[in-house]
Structures are given as C-alpha cells and as structure tokens.
Amino acid sequence: MAQILELTRTQAESAMRAAMTIDAIVGRLTYDEEFAKNLSVDPRGTMEAAGLSFDKEGMDSLMLADAKRFDGACEALFNLVDAEFLYRVAAPSCDPL
C-alpha cells in the first residue's frame, strides 16, 4: 500500500525555497570564485550575506516532499565544497571552528 504524504502549504513552500537555495548555491559556486572562497571560510555568513540561507524546517520539508531532488542537490553541493562545510553551516555561531 502506497503511503500518502501530505504537506501543509507552508511546508511545501518551505521545501521549494530550500531547493531553490541549494540550486542557487551550487550554480554560484560554478562561476563565482570569490563566493567559493568566502563560503569555504565562513559558509553561514557568506550564504546569509548573499541571501542564500535556509533553515532546518525547509530542509526537512524538502527531504519529505522530494527526497530525490534533495539527494541530487546535496550531492552536487558537496562535490563543490570541502568536507567541513556541513559542520560549519550547522555549528552554533559560538562554537570554535
């Protein structure tokens, strides 16, 4: 029996924003060397300054709404950034890096 997944309008909009943000980051990494350099030093600050930040709820909604798109976007992103990227994005701002 197929499982029916229902998202609220807010969750669906949040998922779409998260997907578009990841796509925008991946796209920008392919042509903007300064953005890539800044992203490697300060991912969260760089994304916020570029208007490309996302929240946990949006990522959770994207994983629920379209797991294949989430996986593909993450794979593309992590092929362009270093291994510490996720830690630096997720770490609280008061954590030493």
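Of the 97 residues in the protein chain, 30% are buried. Keep in mind as you read that this is a predicted model. The chain has 6 helices and 0 strands, and its elements, taken from the N terminus on, run α-α-α-α-α-α. The accessible surface of the protein chain comes to about 6,600 Å², and carbon and sulfur atoms hold 56% of that surface. Among contacts in the protein chain with a separation of 6 or more, 68% join residues 24 or more positions apart.

Let us begin with helix 4, which covers residues 56–65. Which residues of helix 4 are buried? They are Gly 58, Met 59, Ser 61 and Leu 62. Looking down the axis of helix 4, you would find these buried residues within an arc of 160°, so they line one face of the helix. What covers the buried residues of helix 4? The cover includes helix 1 (9–29) and helix 5 (67–78).

## Where helix 1 meets helix 4

Two numbers will guide us through this part: two packed helices are described by the angle between their axes and the distance between the axes. For helix 1 and helix 4, the angle is about 100° and the axes are 7 Å apart. Helix 1 and helix 4 are therefore roughly perpendicular to each other, as angles of 65 to 115 degrees count as such. On the helix 1 side, the contact is made by Gln 11, Ser 14, Ala 15, Ala 18, Ala 19 and Ile 22. Helix 4 brings Glu 57, Gly 58, Met 59, Ser 61, Leu 62 and Ala 65 to this contact. Sorted by class, the contact of helix 1 with helix 4 has 7 nonpolar, 4 polar and 1 charged residues.

Now zoom in on two of the partners. Ser 61 lies in helix 4. Is Ser 61 buried or exposed? Its relative accessibility is 6%, so Ser 61 counts as buried, the cut-off being under 20%. Leaving aside neighbours within four places in sequence, Ser 61 is in contact with Leu 7, Gln 11, Ser 14 and Ala 15.

Ala 15 lies in helix 1 and is buried, with a relative accessible area of 4%. Setting aside neighbours within four places in sequence, Ala 15 is in contact with Gly 58, Ser 61, Leu 62 and Ala 65.

Asp 60 also has its place in helix 4. With a relative accessible area of 28%, Asp 60 is partly exposed.

## Where helix 1 meets helix 2

Helix 1 also meets helix 2, which spans residues 33–41. The axes of helix 1 and helix 2 come within 8 Å and cross at roughly 120°. In this contact, Ile 25, Arg 28 and Leu 29 of helix 1 meet Phe 35, Ala 36 and Leu 39 of helix 2. By class, the residues of the contact of helix 1 with helix 2 divide into 5 nonpolar, no polar and 1 charged.

Phe 35, whose place is in helix 2, has a relative accessibility of 3% and so counts as buried. Which residues is Phe 35 in contact with, leaving aside its neighbours within four places in sequence? They are Ile 25, Arg 28, Leu 29, Thr 46, Ala 50 and Leu 52.

## Apart in sequence, apart in space

| Pair | Apart in sequence | C-alpha to C-alpha |
|---|---|---|
| Ala 15 and Leu 64 | 49 residues | 8.5 Å |
| Asp 60 and Ser 14 | 46 residues | 9.0 Å |
| Phe 35 and Thr 46 | 11 residues | 7.3 Å |

To look back over the picture, helix 1 packs with helix 4 at an angle of about 100°, and the axes of helix 1 and helix 2 cross at roughly 120°.

Key
Residues numbered from 1 in each chain as written. Predicted model: local features only at pLDDT ≥ 70, side-chain atom pairs only at ≥ 80, totals over all residues. Heavy atoms only, no water. Helix = DSSP H or I, 4+ residues; strand = E, 2+ residues; numbered from the N terminus. Buried < 20%, exposed > 50% of the residue type's maximum accessible area, 1.4 Å probe, protein only. Contact = heavy atoms within 4.5 Å. Areas by Shrake-Rupley, 256 points an atom, 1.4 Å probe, with all protein chains shown as cover. Arc of directions from axis to C-beta. Axes fitted to C-alpha atoms, helices over the stretch in contact; angles between N-to-C directions. Parallel < 35°, antiparallel > 145°, perpendicular 65-115°, else oblique. Nonpolar A, V, L, I, M, F, W, Y, C, P; charged D, E, K, R; others polar.
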